Amino acid sequence: IFFRFFDKSYSPTMSEWSHSLFGCLEEPKMCVISWCCAPCQLSYQRAAVKGTECGPMDLIMVWCCPLCFACPIRCDIREKYGLAGSCMSDCCVMYFCGICSIVQQHRQLIAKGDKPQGCLMD
């Protein structure tokens with residue numbers, strides 16, 4: 001993977017993502033939802049990773065600075081499930097492929113049983 005170049009902590013024992021980054025087109029509905037309201041999706045994902053309910057404060061924080069919260073959310077998901085990568089690769093993925101990344105994160109959470117709750121998430 002291209003982003004392993006930035007990854008200083010990669011270990012062969014680390015897992016890969018359940019779905020590829022560009023597998024986002026396999027779920028067109030989720031792509032559209034993520035494109036229309038990325039901050040909503042990110043705040044739902046943040047709550048799912050933290051194991052809390054998604055509240056107005058989650059949405060407000062992500063809405064004010066989406067990239068500032070998108071990278072740590074991806075990093076939290078990666079660390080929670082022992083996925084290969086680094087904070088630098090997380091930021092690059094979020095910056096250059098944000099919507100695909102949000103969909104990949106959503107699919108990873110579902111695969112691990114941490115389904116984000118929210119509007120149109122069924």
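Start by selecting Cys37, which is buried because its relative accessibility is 19%. Here buried means under 20% relative accessible area, exposed means over 50%, and partly exposed lies in between (1.4 Å probe, protein chains only). A disulfide is a pair of cysteine sulfur atoms within 2.5 Å. Look along the S-S bond of Cys37 and Cys40: the torsion is about 45°, so this disulfide is right-handed.

A quick note on what you are viewing: this is a predicted model, where local features need pLDDT of at least 70, side-chain atom pairs count only at pLDDT 80 or more, and totals for chains, interfaces and linings use all residues. Residues are numbered from 1 along each chain as its sequence is written, and side-chain values use heavy atoms, leaving out hydrogens and water.

Next, select Cys65 and Cys68, whose sulfur atoms sit 2.1 Å apart in a disulfide. The torsion about their S-S bond is about 45°, so this disulfide is right-handed. Cys65 is partly exposed at 26% relative accessible area, and Cys68 is partly exposed at 48%.

How many disulfides are there by this rule? The count is 2. With bonded cysteines counted along the chain, the pattern is 1-2, 3-4.

Now click Cys31, which is in no disulfide; its nearest cysteine sulfur belongs to Cys24, 4.1 Å away. Cys31 is buried, at 13% relative accessibility.

Finish at Cys54, also in no disulfide: the nearest cysteine sulfur, that of Cys40, is 8.1 Å away. Cys54 is partly exposed, with a relative accessible area of 30%.
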